Amino acid sequence: MILSRVDDGLLVVRQPDHGSQTGLFARAWGNGVVAPPAGHRHASELAARHHDDGWALWERRPSIDPATGRPVQFLDLTPREHVPLYRAGIARAAHHDPWTGLLVSLHGAGLYNDRYGTFRLAEQHFNAEEQALVDEFLVDMAALQNALNGAVGRRPVAHPSYDPEVWEHYLLLQVWDRLSLQYAFRLAADGLIGPAPGMPAGLACRADGHFGLTLDPYPFADDRLTFPVAATVVADRPYRTPEDFLAEVAAASTTTLECRARAPG
């Protein structure tokens, strides 16, 4: 779950719903200025839509911080909690097709290596046991990626940037993911997303009203588009147990955030 404090409580966006919105960006991406993905478009859209599906397992019983009673933000989980989620989501994605599985595997691994050196998520401090889990995961993902590379007719490489087509699609998935987070997590604040293929200075996001962003360069065919994402707003209070929090979420009305994107000018 992606959690953000808003005026009337705690905004909750489930990770699969975040994925659905990410897939909408992938589907609409490309115009005369910003090139659409080169090849594998449908599989890359599937990767965008399903890149965080493994989190649905955790969302069945999300963690509650015992010190505060607040639900734990997704960024604050430990490898013991989130490595199994990524493994499950990547295995599921690979069942769709090898290219989808390849991109989702790269996405999951990239969250433990600063997105392959392109963007630092946050300082990660792991103890020895946690680091061992991460190291094992990265070794397993490298082996899986080489196998999936072969399945899509590409040669194994030591780093995804060595294959320009794979690297372009990986970077696009990161842009689509971060653009969704720019709405659901950052509440449509100013920001810069990069590196982004075809955008030397990155994708500049400027706050433009309630859940609105002006994007420069603008990457979609229509100058104004809306990308909905399902969400709920619950009381921002301590919760006794995960079940207490889930009951509050279930009782709350689901709303649709109409996330607006428009071209400059």
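The points below take up the helix pairs, the nonpolar core and several individual residues.

1. Basis of the note. This is a predicted model, in which local features need pLDDT of at least 70 and side-chain atom pairs count only at pLDDT 80 or more, whereas totals for chains, interfaces and linings use all residues. Residues are numbered from 1 along each chain as its sequence is written, and side-chain values use heavy atoms, with hydrogens and water left out.

2. Helices α1 and α8. Helix α1 (residues 15-28) packs on helix α8 (residues 164-184) at an angle of about 120°, the axes being 9 Å apart. α1 is therefore oblique to α8 (angles under 35 degrees count as roughly parallel, over 145 as roughly antiparallel, 65 to 115 as roughly perpendicular and the rest as oblique). The crossing of the two helices is right-handed (the near helix is turned clockwise from the far one by less than a right angle). From α1, the contact takes in His18, Gln21, Thr22, Phe25 and Ala26, and from α8 it takes in Trp176, Asp177, Leu179, Ser180, Leu181 and Tyr183; contact means heavy atoms within 4.5 Å. By class, there are six nonpolar, four polar and one charged residues in the contact of α1 with α8 (Ala, Val, Leu, Ile, Met, Phe, Trp, Tyr, Cys and Pro count as nonpolar, Asp, Glu, Lys and Arg as charged, and the others, Gly among them, as polar). Helices here are DSSP runs of H or I with at least four residues, and strands are runs of E with at least two, numbered from the N terminus. Axes are lines fitted to C-alpha atoms, for helices over the stretch in contact, and angles run from 0 to 180 degrees between N-to-C directions.

3. Helices α5 and α8. The axes of α5 (residues 98-110) and α8 come within 10 Å and cross at roughly 65°, again with a right-handed crossing. On the α5 side are Trp99, Leu102, Leu103, Leu106, His107 and Gly110, which meet Glu165, Val166, His169, Tyr170, Leu173, Gln174 and Asp177 of α8. Seven nonpolar, four polar and two charged residues make up the contact of α5 with α8.

4. The nonpolar core. The largest nonpolar core comprises 74 residues, and those with the most contacts inside it are Trp29, Leu179, Tyr183, Leu215, Phe220, Val234 and Phe245. Such a core is a set of buried Ala, Val, Leu, Ile, Met, Phe, Trp, Tyr and Cys residues joined through side-chain atoms within 4.5 Å; buried means under 20% relative accessible area, exposed over 50% and partly exposed in between (1.4 Å probe, protein chains only). Helix α8 supplies the largest share of this core, with twelve residues.

5. Helix α9. The buried residues of α9 (residues 242-251) are Pro242, Asp244, Phe245, Leu246 and Val249, and they pack against β1 (2-6), β2 (9-13), α3 and β6 (224-234). Beyond four places in sequence, Phe245 touches Met1, Leu3, Val12, Pro62, Ile64, Pro71, Val234 and Tyr239.

6. Gln73. This residue lies in the loop between α3 (55-59) and α4 (79-96). Gln73 is buried, with a relative accessible area of 13%. Neighbours within four places aside, Gln73 contacts Met1, Ile2, Leu3 and Phe185.

7. Val83. Val83 belongs to helix α4 and is buried at 4% relative accessibility. Leaving aside neighbours within four places in sequence, Val83 is in contact with Tyr112 and Phe137.

8. Gly19. Gly19 is in helix α1 and, at 0% relative accessibility, counts as buried. Not counting residues up to four places away in sequence, Gly19 touches Ala48, Arg49 and His51.
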